[in-house]
Every structure is written in structure tokens, then in C-alpha cells.
Amino acid sequence: MGEAPAFFADDLQARFSNGFHLKLKDFETATVVGNKTYVIGGIDDPTSTGVRIFDKSIGEWPIVISGPSGVGKGTLINMLMKEFPSMFGFSVSHTTRAPREKEENGVHYHFTDRSVMEEEIKAGKFLEFAAVHGNLYGTSIEAVEIVADAGKRCILDIDVQGARSVRASSLEAIFIFICPPSFEELEKRLRARGTETEEQIQKRLRNAKAELEQGNSPGLFDHILVNNDLEACYERLKKILGLNGTTEVFALPMELSLSIIDEKILINSGNADQKIVLDLSSMKGGAPGRTRGLYMSTTGLHSDDVTNGNF
Ligand SMILES: Nc1nc2c(ncn2[C@@H]2O[C@H](COP(=O)(O)OP(=O)(O)O)[C@@H](O)[C@H]2O)c(=O)[nH]1
Ligand SMILES: Nc1ncnc2c1ncn2[C@@H]1O[C@H](COP(=O)(O)OP(=O)(O)O)[C@@H](O)[C@H]1O
């Protein structure tokens, strides 16, 4: 999760020279200019590409997602990260539980020993931590900073105790609780996932009762979503995050006319009022995954909002 946009300036420069066209659909990147967030490319349409423009009202606060084991938190987060890879980054928690078959260290969790994690907690490295289902879980300050440094909005998948701690901390966030349509359905999903032993399933189901009570208690969560139909729940999640309904697609033709001036690309979509400037110099340097992405400025379109570039 949380990969950097698959777009490299050197690649791009190798593929065409000044004044030629470029197919933007092979990458996606997002940038905030003025009061808008621009998602460039990444439109799942073989015949066109474009820039999706969202109101900045979608906010930049981290998103805390909680809910009982097996309710579908990970599934929903994966959907969001897949659709908006350049907008969201996953906060990779630490845990003392053993990895599941397909889990990768550093990607799904930082798998760690209890003694090491306890030391790190004492050293003040964690934003929050909690004992959940018999193991320690925690969000390191660094995990959240890595996402912020990449210019992305952070998603935290943490339990109700963790949500409470973040609520009490200085970190502003939006809190979303995911509920199952019924307890029976929760049990069915947990069993069907096939990642836990019977004993672990029983423990998770026992804990789910208390989690559901706390999740539904007033004051802690800003939104409660029932994950019955997955697609419908995902649409509601996007709506909460302002990613649905307020999208304005600024379509670009597939064959773009481009000019390259120094390290900037001027995208000309055929309309004199709609030119976009991508600053390639911003793609250089920095560790992979920590780039802030392309800098973009506009001429004509929302010209009051131009904050980057010199056009
Ligand atoms: N407080 C806290 N809870 C976490 C953290 N990471 C994961 N969790 C929660 O720990 C619980 C168990 O997670 P996991 O073992 O991955 O099982 P799953 O929820 O069944 O996928 C879930 O409720 C997670 O939301 C963390 O960093 N802090
Ligand atoms: N709305 C849904 N309807 C049916 N199955 C679902 C739904 N949402 C998730 N699942 C399935 O339920 C299982 C648990 O989901 P998961 O995302 O791992 O939950 P969590 O991260 O909350 O523990 C997975 O096998 C997933 O495919």
C-alpha cells in the first residue's frame, strides 16, 4: 500500500522530445493547487485521460478507520488506495502478532517482538498503541510522517482504543466506524477469510461485541458505515471523504500537444484557457515513496490558484 506514483521524469523524457505527445493514462499523481486537488491521469478509460479536480474541502486530515475483525476495513481501504493511489497512504502499524501468509513486513505491518515494541513505546516513538486480541498494536509517529512527507492523506486502520487515543491526541482526524450488517454475517466473513485458527476466531468474535458497543456509542466516531453490500459501502465511504459527487473531470484529449521548456511540461488540450504546467524538477531526488509528486500550475484555468511554477 501507499506506493509512489508510477511516473518517472527520466522515462518520460526518454520517450519523446520537445513538441510531441504523451499518453497520460499510464500514471496517476495528485497535487493541491490553491483550493483544489488535481488528480492527473489514473482514469480507468482506454479512450481518454484527464485531470480530476476535487474541491479541497475533501480535507487533508488523516482518516481513522475502526471496526471489528472481519468487517471489511482492509478491503475498503484497499479499494480506496487502488482507486486513488496518489491521494492516500497507509499508516503501517507495528504489531507483535505473527504475519499471515500473504502479509509482508513493512507493507501490511511492521512485525516486531513485544520487548522491542515496549522499549520503543517507552522511548515515545508511538502516537498510540493498544493491546488487541492478545497482541500489541501501535501507530508510530514515523508511520504517519512517511505518508505526510509523500504529500498524501494518511489512512489508519486501528482499533477502538486506538481511535480513542488519537481523538485525545493533538492529531486532527476524521473517525469512521465500520459495522457488520449482523453478528452472524461478521462470523461468516471472518471464517471465510480463513486466516485465523478457531481459537483466534472465537477471541475476535468475543471482542467484537464490546467493539460494536463502543463504536456505536456517541461522541467517538464521526461516521458509522454498515458494510452490507461492499460496493454500496465503498460509495458511501467515498462520499464521506468528498470523493464522490464533487468530482469535476477536466478531460484532456488522448493525444496531447506538449511543449517542454527546461524542466516543465506545458500540456495544451486545444483550448487556450486550459493549459497545465507540470514541473518535472519536483520528481527528482528524495527516497522512493517519499516524493511529493509533480508540481503543477495552471494558466487560464483557475488562474488565481496558481501557486507553483513560473508560467
Ligand atoms: N490501536 C491500534 N490498533 C491497530 C493498529 N493496527 C491494527 N490495529 C487493529 O488491530 C485489530 C486486529 O488487526 P489484525 O490482526 O490485522 O486483524 P483484522 O482486523 O482481523 O484484520 C484491528 O482492529 C485493527 O484495526 C494500531 O496501530 N493501533
Ligand atoms: N460487504 C462485504 N460482503 C461480503 N464479504 C465482505 C464484505 N466486505 C469484506 N468482505 C470479506 O470479508 C472478509 C474480511 O474482510 P477484511 O477486509 O479482511 O476485514 P477486516 O480488515 O475488517 O478484518 C474478507 O474475506 C473480505 O473479502
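Me: Where does ligand 2 sit?
Reply: The model is predicted; local features need pLDDT of at least 70, side-chain atom pairs count only at pLDDT 80 or more, and totals for chains, interfaces and linings use all residues. Residues are numbered from 1 along each chain as written, chains are lettered from A and ligands numbered from 1 in written order, and side-chain values use heavy atoms, without hydrogens and water. A molecule sits in a pocket if more than half of its atoms lie within 2 Å of the pocket's grid points. By that test, ligand 2 sits in the largest pocket.

Me: Which elements give two or more residues to the shell around ligand 2?
Reply: Elements here are DSSP runs numbered from the N terminus: helices (H or I) of at least four residues and strands (E) of at least two. α2 gives the most to this shell, with three residues. The elements with two or more are α2 (73-83) and α6 (183-193).

Me: Which residues come nearest to ligand 2?
Reply: A residue is near a molecule if one of its heavy atoms lies within 4 Å of it. There are 13 residues around ligand 2. Those that come nearest are G70, K73, T75, R193 and N227.

Me: How much of the accessible area of ligand 2 does the protein cover?
Reply: First, the polar contacts, meaning pairs of N or O atoms within 3.5 Å. An oxygen atom of ligand 2 is 2.8 Å from a backbone N or O atom of G70, and one is 2.9 Å from a polar backbone atom of G74. Accessible areas come from the Shrake-Rupley method with a 1.4 Å probe. Of the 570 Å² that ligand 2 has on its own, the protein covers 73%.

Me: What about ligand 1: which pocket does it sit in?
Reply: Around ligand 1 there are 20 residues, the closest being S69, S93, R97, Y109 and Y137. A polar side-chain atom of Y137 lies 2.5 Å from an oxygen atom of the ligand. Backbone N or O atoms also lie by oxygen atoms of ligand 1, at 3.1 Å for G138 and 3.5 Å for I158. Ligand 1 sits in the largest pocket.

Me: How many charged residues are in the shell around ligand 1?
Reply: Ala, Val, Leu, Ile, Met, Phe, Trp, Tyr, Cys and Pro count as nonpolar, Asp, Glu, Lys and Arg as charged, and the others, Gly among them, as polar. The shell around ligand 1 has five nonpolar and seven polar residues. The charged ones number eight.

Me: How much space lies in the largest pocket?
Reply: On a 1 Å grid over the protein atoms alone, a pocket is an open set of points where a 1.4 Å probe fits, with protein on both sides within 12 Å along at least five of seven lines. Its volume is the space filled by probe spheres set on the points. For the largest pocket this is about 1000 Å³.

Me: Which element gives the most to the lining of the largest pocket?
Reply: Lining residues have an atom within 4 Å of a grid point. α2, β8, β9, α6 and α7 (198-216) each supply at least two. With five residues, the element that gives the most is α2.

Methods. Polar contact = N/O pair within 3.5 Å; in protein donor to acceptor, adjacent residues only side chain to side chain.
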